[in-house]
Amino acid sequence: MDPIIRVWDPGRPVDPRGTLAVHRRGAADPTHRTTPDGAVWRTARTPDGPATVRLSARRADGVVEGQAWGRGAAWVLDALPAWLGDADDGDGFDPGHPVLQRVRARTRAWRIGRTGLVMEALVPAVLEQKVTGAEARRGWRTLLVRFGTPAPGPAPAGMRVVPTPVEWAAVPSWEWHRAGVGPQRARTAVRSALVAARLEEVAEMPVEEADRRLRSVPGVGAWTAAEVRQRALGDVDAVSVGDFHLCRQVGWVLAGEERADDARMLELLEPYRGQRYRVCRLVELSGLAPERRGPRLAPRDFRAI
């Protein structure tokens, strides 16, 4: 199967690997691979059907080459600039804080992109609610291997396309259980799948209206809605309130405080209103964090219950 090819010249440096990293749910995510040659492979369930895309930035001339396979190949290549942050006007952002300035200087090619694919961002966010990262990644991988569609084209072995909303809604309760997904998260994912058409519309809504519609689904709260807005809408101001590690990391990097809570995080981010998600990502990219001294949340295995 021959690919459809698009060569995009953004007129500035672009980092596909760094920009798309927020969509990767662990090293073994079946929807995302980075190969030794530096190329990023992703799958997507587009409005036109499944697709696999391979993205690489050519150092010689700075352009990005996309190769895509599957019924959704043309759609995903049309969306390529948006995925890589073409609409993100971050060049004029001056973070002020010295740590943020240093991170900004070394990540000039990183942008905040938008996929326009809401369910693709929503289901894994639901699986990440109030559990360890290892639990969420295991559940996501298990469900994709079991119910995902094999990736079109010559994708790396094991890659899958996310199920359709109808397929998500039909996953039996015992399969969620076997994947280690508790009943509350499973119910939220199924409820979301049942109203997927309405939820996909939020990609074209103002962020306030999009947030209200996302949170109208029982089980989708502020944290989950923000995670979706960041990825599907490219919302540069969406803050993941309710994330234990993020608030502590923001407090540590911006104020040298070890035990900041959500209220303190929002206070520290207030001067950056309008760009708060960008600041949070710069904080995360800094790699700086307070030492973990308290007990960590132990992974739970719902399959044993």
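Author: Let's start with a term: two residues are in contact when they have heavy atoms within 4.5 Å of each other. One caution before we look around: this is a predicted model, where local features need pLDDT of at least 70 and side-chain atom pairs count only at pLDDT 80 or more, while totals for chains, interfaces and linings use all residues. Residues are numbered from 1 along each chain as its sequence is written, and side-chain values use heavy atoms, with hydrogens and water left out.

Now find S240, in the loop between α12 (222–233) and α13. Helices here are DSSP runs of H or I with at least four residues, numbered from the N terminus (strands are runs of E, at least two). Leaving aside residues up to four places away in sequence, S240 touches W223, A226, E227, Q230, L246 and M265. With Q230 there is also a polar contact of 2.9 Å between the side chains. That term means a pair of N or O atoms within 3.5 Å; within protein, one must be able to donate a hydrogen and the other to accept it, and residues adjacent in sequence count only if both atoms are side-chain atoms. S240 has a relative accessible area of 3%, so it counts as buried (under 20%; exposed is over 50%, partly exposed in between, with a 1.4 Å probe and protein chains only).

Follow the chain into α13 (residues 244–255), whose axis comes within 10 Å of that of α15 (residues 276–286) and crosses it at roughly 80°. Axes are lines fitted to C-alpha atoms, for helices over the stretch in contact, and angles run from 0 to 180 degrees between N-to-C directions. So α13 and α15 are roughly perpendicular (65 to 115 degrees; under 35 is roughly parallel, over 145 roughly antiparallel, the rest oblique). On the α13 side, the contact uses L246, Q249, V250, V253 and L254, and on the α15 side V279, C280, V283, E284 and S286.

What about the cysteines? A disulfide is a covalent bond between the sulfur atoms of two cysteines, counted here when those atoms are within 2.5 Å. The count comes to zero disulfides. The sulfur of C247 has its closest cysteine sulfur in C280, but that is 10 Å away, too far for a bond. C247 is buried at 6% relative accessible area, and C280 is buried at 4%.
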